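Okay, thanks for coming, everyone. I'd like to walk you through one model this morning, so let me put it up on the screen.

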Amino acid sequence: MIPIHTAQTVREAEESFFAQQPGVDLMQLAAEAVAEAASKLLEGDRTSEGAVLVAVGPGNNGGDGLYAAARLAGQGIPVSLWLTTGQAHPDGLHAAREAGCREVDALGATELLAQASLVIDAVLGIGGRPGLDSVVATFAEQAEALAIPVLSVDIPSGLDPDRGHVEQDGFRAARTVTFIARKPCHVLQPAAGRCGVVQLEDLDVPVATRPVALQATPADIARLWPVPGPTSHKYSRGVVGIDTGSTRYPGAALLGTIGALHAGAGMIRFVGPEVAAQLVRTQLPSVTHGEGAVQAWLLGSGWGQTEANRDRLAAHLGVKTPAVIDADALLSLPTVVPPNTLLTPHAGEMSRMLGVERAQVEADPLTHARETAERWQAVVLLKGATQYVVEPGGRVQLAVPGPHWSAQAGSGDVLAGICAALLAAGLSAADAALLGASVQAMAAKRRLGPWPPEVIAREVAAVVGGFDPVW
Ligand SMILES: NC(=O)C1=CN([C@@H]2O[C@H](COP(=O)(O)OP(=O)(O)OC[C@H]3O[C@@H](n4cnc5c(N)ncnc54)[C@H](O)[C@@H]3O)[C@@H](O)[C@H]2O)[C@@H](O)CC1
Ligand SMILES: Nc1ncnc2c1ncn2[C@@H]1O[C@H](COP(=O)(O)OP(=O)(O)O)[C@@H](O)[C@H]1O
Ligand SMILES: [K+]
């Protein structure tokens, strides 16, 4: 799991490091890493005039950029500096000037841009307020339009380091070199999409504080996956009860069932409406029909919004079996849900659960997901480009991200089915959500393109097969 830390936590780590090791110059270490990354991005193209253009802000982020500029100029690379506010880290500026960097103003920077091989964005880092001055914002847009690669120092300037929300167009980096720890903007969409490849330089500064979130990696998912062993049988692997679908949405039932099956459910008991049952029967011969003991329920997908939802939900929740509650059922929740319940809303559903606007959830997904988890004392999987697994008590994990082709009707139905299979296998709701969302993303990555959700679901089985250490 990759720890994600806020700007504040990183600052505190830096301060306690300085208190213990006052002799270490972190800015030089940061600049060295930036200069190395710049050299790699430049490859052989070092001859054109103004090969590297460094946009420099007034603080320490600008300082990193200036020392990096000095190092690059010291290697004979032509480097131009644009002091975006007219102010700059004094020692860094002195070093860059001494090394032979030349200075340009805003107009000069715009003129040079077309010939530049690389822009280093050292305008604002973790001390910046979100948003860019309009001259800098226009420069960033031009760099993108001209397809000039941008190397961002710490964060693409203008982003809020602690959020995934993007208020204004700004730098779109090919690579971001960040320091000490990854910040939320590096992993939360849509901000993460502006960071390019994120390269972490920890500068040997330890961070003692609890991370704000943990980002899962494919290796974590492989390690945690419940792989069957010699003593496994269908009941020990977990029976999933599925009550999903309606006359209007029978396909949701099939998709969720496909998801559960391809994620390794030991057995499935389908108890949804006949129209959906028929569909399942013709497509999936291993699924059984009718009531019986189950280890987890899959409920809500494709119910449609009807008065009957509250009773349909209550009929299953009475016995305190763990459940994945999806889609329409999320709006009929009782005040208390059984232990190990997983709620799987997207931003629109979460907004209706909380009685706020969708835009509010999108602007601050984490706060709203936390509120949802607290209100129902249940684990929440907030779906979308970034998938948040939030537990009552505040622990936040982020699923392995996947390609945006998955933004299509039916992906969520499949995902709910995958999670239900994991819940039935005995995993906690949080692990079921993390593994389910991650494995679907990993499958989508192996099947890049506009494949329908059931095709991605079948690929899930192939990904899961790769987790078996024995065969
Ligand atoms: N703490 C760390 O982890 C380390 C920090 N370093 C660098 O230091 C940076 C943080 O430096 P600072 O705290 O000086 O902050 P920044 O350099 O990010 O920016 C602060 C300056 O920008 C101005 N400013 C803020 N928002 C603005 C806006 N929207 N438009 C125009 N001006 C704005 C502020 O008045 C202030 O002068 C990091 O991002 C990193 O690049 C590195 O040198 C190494 C270690
Ligand atoms: N921009 C995106 N990038 C990647 N994956 C996405 C994106 N938007 C949605 N998804 C995926 O698609 C799923 C959509 O779920 P949902 O909206 O509930 O669909 P449905 O209810 O139609 O099945 C999410 O769980 C997520 O996996
Ligand atoms: K920056």
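This is a predicted model: local features need pLDDT of at least 70, side-chain atom pairs count only at pLDDT 80 or more; totals for chains, interfaces and linings use all residues.

Residues are numbered from 1 along each chain as its sequence is written, and chains are lettered from A and ligands numbered from 1 in the order in which they are written.

So, ligand 1. Helix 1 (7–20), helix 2 (26–42) and helix 3 (60–74) each give at least two residues to its shell, with helix 3 providing the largest share, four residues. A residue counts as near if its C-beta atom, placed from the backbone, is within 6 Å of the molecule. Of the 25 residues around ligand 1, the nearest are G59, N60, N61, G125 and G127.

Over to ligand 2, then. It has 16 residues around it, with K383, A385, A407, S411 and G412 closest. Here helix 16 supplies the largest share, four residues.

Last stop, helix 18. Which of its residues are buried? With buried meaning 20 or more other C-beta atoms, placed from the backbone, within 10 Å of the residue's own, they're P453, I456, A457, E459, V460, V463 and V464. Those cover an arc of only 160 degrees around the axis (taking directions from the helix axis to the C-beta atoms), so they sit on the same side of helix 18.

Note on methods. A residue is buried if 20 or more other C-beta atoms lie within 10 Å of its own, exposed if 12 or fewer, and partly exposed in between; C-beta atoms are placed from the backbone.
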